[in-house]
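Please open the structure in your viewer and keep the selection panel handy. We will go from one selection to the next and say what is there.

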Amino acid sequence: MAGDSFMARDALVAGGIDLETLRAVLPRVDPAHVTVSVAPRWFRALWGKRIAAVCMAWGIYVRPEVMARHRGGADPARVAHLMVHELTHLEQWRRLGGLRHALQYVGDYLRLRVAGRRHWEAYRAVRLEVEARQTARLVTSIGSRHE
Ligand SMILES: [Zn+2]
């Protein structure tokens, strides 16, 4: 399975992300040391249909389609954008600690659900998800302005 993983940095470079900018925004994360691999089938079975990747404390897991997209090199900016999003979750995990990260994430989600939001809407409104989307947008747009 050696061919089934890569380092997050490879996808960032391929996607034209400015690594200096990324370091400034995510100071606790070194993408050269974050492994990206295909999630086992049993793990993917727990994901929602629209989830492309999940970040754990020890690395990023992706769907086989994402791995194929990275290997094929057809849309490197899209894979890089996803990597910045997932690396932001790793930064949050290190900033807050695993327990606080989990409690804030699940707490936000449940509060929103109790307030009547649907699953996908509540998931999208979780503060840690909002931050990850903003960071991915910021770093990707700054990265492309350097071109
Ligand atoms: Zn996310």
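Before you select anything, here is how angles work on this tour: axes are lines fitted to C-alpha atoms, for helices over the stretch in contact, and angles run from 0 to 180 degrees between N-to-C directions. Two residues are in contact if their C-beta atoms, placed from the backbone, lie within 7 Å. This is a predicted model, in which local features need pLDDT of at least 70 and side-chain atom pairs count only at pLDDT 80 or more, while totals for chains, interfaces and linings use all residues. Residues are numbered from 1 along each chain as its sequence is written.

**The whole chain.** You have eight helices and four strands (helices are DSSP runs of H or I with at least four residues, strands are runs of E with at least two, and both are numbered from the N terminus). Along the sequence they follow β-α-α-β-α-β-β-α-α-α-α-α. The radius of gyration, taken over C-alpha atoms, is 15 Å, close to the 15 Å that the globule rule (2.2 Å times the number of residues to the power 0.38) gives for 147 residues, so the protein is as compact as a globular protein of that length.

**Colour by confidence.** Now colour by pLDDT, the predictor's confidence in each residue, from 0 to 100. The average is 93, and 94% of the residues score at least 70. Strand E2 (residues 35-38) has the highest mean, 98, and helix H8 (residues 127-145) has the lowest, 86.

**The sheet.** Next, select the four strands: they form an open, mixed sheet in the order E1-E2-E4-E3. Strand E1 (5-7) and strand E3 (53-56) are the edges, each pairing on one side only; strands pair if DSSP finds at least two bridges between them. From one strand to the next the twist averages 25 degrees. Zoom in on E1 and E2, which are antiparallel and share three bridges. Which residue in E2 is the bridge partner of Met7? Pick Thr35 and you have found the partner.

**Helix H5.** Finally, select residues 76-96, the 21 residues of H5, which reach 30 Å from first C-alpha to last, close to the 30 Å expected at 1.5 Å a residue (1.5 Å times one less than the number of residues). H5 lies across E3 and strand E4 (59-62), at about 30 degrees to E3. Of its 21 residues, 15 are buried, so H5 is largely enclosed by the rest of the structure; buried means that 20 or more other C-beta atoms, placed from the backbone, lie within 10 Å of a residue's own. Just past H5, stop at Gly97, where phi is positive at about 90 degrees.

Technical notes. A residue is buried if 20 or more other C-beta atoms lie within 10 Å of its own, exposed if 12 or fewer, and partly exposed in between; C-beta atoms are placed from the backbone.
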